[in-house]
Each structure stands twice: as structure tokens, then as C-alpha cells.
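Trainee: I want to learn how to read a structure, one feature at a time. Where do we begin?
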Amino acid sequence: MGGAPEAEGFDAGGDDYDRFMGRYSRPLASRFADFAAVEHGHRVLDVGCGPGALVAELVGRVGTDSVSAVDPSVSFVEACRERHTGVDVRLGGGEDLDFPDGAFDRVLAQLVLHFVSDGEQVAREFHRVLRPGGTAAACVWDLDDDMELLRAFYDAAAAVREDAPDERHLRF
């Protein structure tokens, strides 16, 4: 996993990411952890951790030693490690989790499944690293309502450059 390529499009620093997405990912983290019923005593993995918004929430609930995280972006892994000393933060993607079978009670993916290369493989990996009776949970943008949150940004980018990326056509 240490040799994972830098995630395309995610080479921004943690502070840059926070200015754009942090205002959404931080408050979402608490609600998402509630939804996944993360409780003291659980061992939890954050897949696609970015600079660590969900990691911060998980550490507050279960403690530093009970949280692990993985992200394919070198800059995000570095930012998450700096912000959450003692958390096991690794470079890699959800398609090949470098953790033993049955290591976690909860495996969470916040706003990341749109970007994985093989959703079925990610699901297999989640299942593999979960303990029997564990829970995998994921949340993604509400694409049914035309992503109002990001729509203005993508429309402005398209006005400047016709071939600008647009998340309207993501797989999930």
C-alpha cells in the first residue's frame, strides 16, 4: 500500500481542502458517526480520510489508539498524521486495505465512494477487515437533487473551460 499512486485531483493541502470541503465534512462527521453507531470500545477505520475531519470525530468517541485511517493522497495522509498524532494513518485506497482480516468493528467512508476505481472490490475489502457482526457505512453527496451544494462551483468552472470536470456523471 505504501506505493499507492497519488490520488488524481486530490493533491491539495489539508488546509486548502478544509477551506472548500471542511465546512461540510466536519459537521457531517458527527451525524455520520451517529448513523454508524460508533461507540467507545469500537475499533474504527476511516477509508478515504482526507485531512481528517471524520478521524477527529472518531478519536473523540473511541480514542486515538482505536482509530485507523487510509487515503490515496500523500498530502492528505501527511495532514491527517500531523493533526492526529498517534492515529494509524496509511497511504492507500479502499480497493486494497493493508489491515488484517477482522480488525475493525466499524469501517466508514465519508464522501469518498464517488472516487473509488472498483466499488465491488472496496465492498469486499470492507467486509474482509470487519469483525463478525461489524458495520460498514458510507455516505455520499445527494446526486438526486443535482448536487446543489457544488453545482454553482461546477457551473462556474464549465463557463471558464468547457471540458472542466463535473461530478454529475460519477458512478454512484
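**Reading the model**

Mentor: The label rests on cut-offs: buried is under 20% relative accessible area, exposed is over 50%, and partly exposed is in between (1.4 Å probe, protein chains only). By that scale, Asp163 is exposed at 57%. The two form a salt bridge, with the closest N and O atoms 2.6 Å apart.

Trainee: What kind of model is this, and how are residues numbered?

Mentor: The model is predicted: local features need pLDDT of at least 70, side-chain atom pairs count only at pLDDT 80 or more, and totals for chains, interfaces and linings use all residues. Residues are numbered from 1 along each chain as its sequence is written, and side-chain values use heavy atoms, with hydrogens and water left out.

Trainee: How many helices and strands does the chain have?

Mentor: Five helices and five strands. These are DSSP runs, numbered from the N terminus: helices are H or I with at least four residues, strands are E with at least two. Along the sequence the pattern reads α-β-α-β-α-β-β-α-β-α. The chain has 172 residues, and buried ones make up 44% of them.

Trainee: How do I see what holds the inside together? Which residues of the largest nonpolar core touch the most other members?

Mentor: Look for a nonpolar core, a set of buried Ala, Val, Leu, Ile, Met, Phe, Trp, Tyr and Cys residues joined through side-chain atoms within 4.5 Å. The largest has 21 residues, and Val38, Val55, Leu58, Val89 and Leu108 touch the most other members. Two or more residues come from each of α1, α2 (53-62), β2 (67-71), α3 (74-83), β3 (88-91) and β5. Helix α2 gives the most, four residues. A second, separate core holds 16 residues, including Leu45, Ala103, Val112 and Leu130.

Trainee: What does Val55 contact beyond its sequence neighbours?

Mentor: Contact means heavy atoms within 4.5 Å. Leave aside neighbours within four places in sequence, and Val55 is in contact with Asp46, Cys49, Val67, Ala69, Cys80, His84 and Val87. Now take the whole chain: among contacts between residues at least 6 apart in sequence, 68% join residues at least 24 apart.

Trainee: Now a helix. Which residues of α4 are buried?

Mentor: In α4 (residues 119-129), they are Val122, Glu125, Phe126 and Val129. Seen down the helix axis, they fall within an arc of 100°, so they line one face. The arc is taken from the directions from the axis to the C-beta atoms. These buried residues pack against β1, β4 (104-110) and β5 (130-139). On the other side of α4, Glu120 and His127 are exposed.

Trainee: What happens at the start of α4?

Mentor: A side-chain oxygen of Asp118 comes to within 3.3 Å of the backbone nitrogen of Glu120.

Trainee: How do I read a salt bridge? Which residue does Asp101 pair with?

Mentor: Side chains of opposite charge can pair when their charged atoms come close. The cut-off is a side-chain nitrogen of Lys or Arg within 4 Å of a carboxyl oxygen of Asp or Glu. This structure holds eight salt bridges. One joins Asp101 to Arg128, with the closest N and O atoms 2.7 Å apart. The pair links distant parts of the chain, 27 residues apart: Asp101 sits in the loop between β3 and β4, Arg128 in helix α4.

Trainee: Which other residue does Arg128 bridge to?

Mentor: Glu125, with the closest N and O atoms 2.9 Å apart. Arg128 and Glu125 are three residues apart in α4, so about one helical turn separates them. Glu125 is buried at 8% relative accessibility, while Arg128 is partly exposed at 25%. Elsewhere, Asp34, Glu57 and Arg61 are linked in a network of salt bridges.

Trainee: Last, the backbone. Is the phi of Ala37 positive or negative?

Mentor: Most residues other than glycine have a negative phi. Ala37 is not a glycine, yet has a positive phi of about 55°. Ala37 lies in the loop between α1 (14-35) and β1 (44-47). Leaving aside neighbours within four places, Ala37 is in contact with His42 and Arg106. Leu111 also has a positive phi, near 55°. Leu111 is in the loop between β4 and α4, and at 9% relative accessibility counts as buried.

Conventions:
A polar contact is a pair of N or O atoms within 3.5 Å; within protein, one must be able to donate a hydrogen and the other to accept it, and residues adjacent in sequence count only if both atoms are side-chain atoms.
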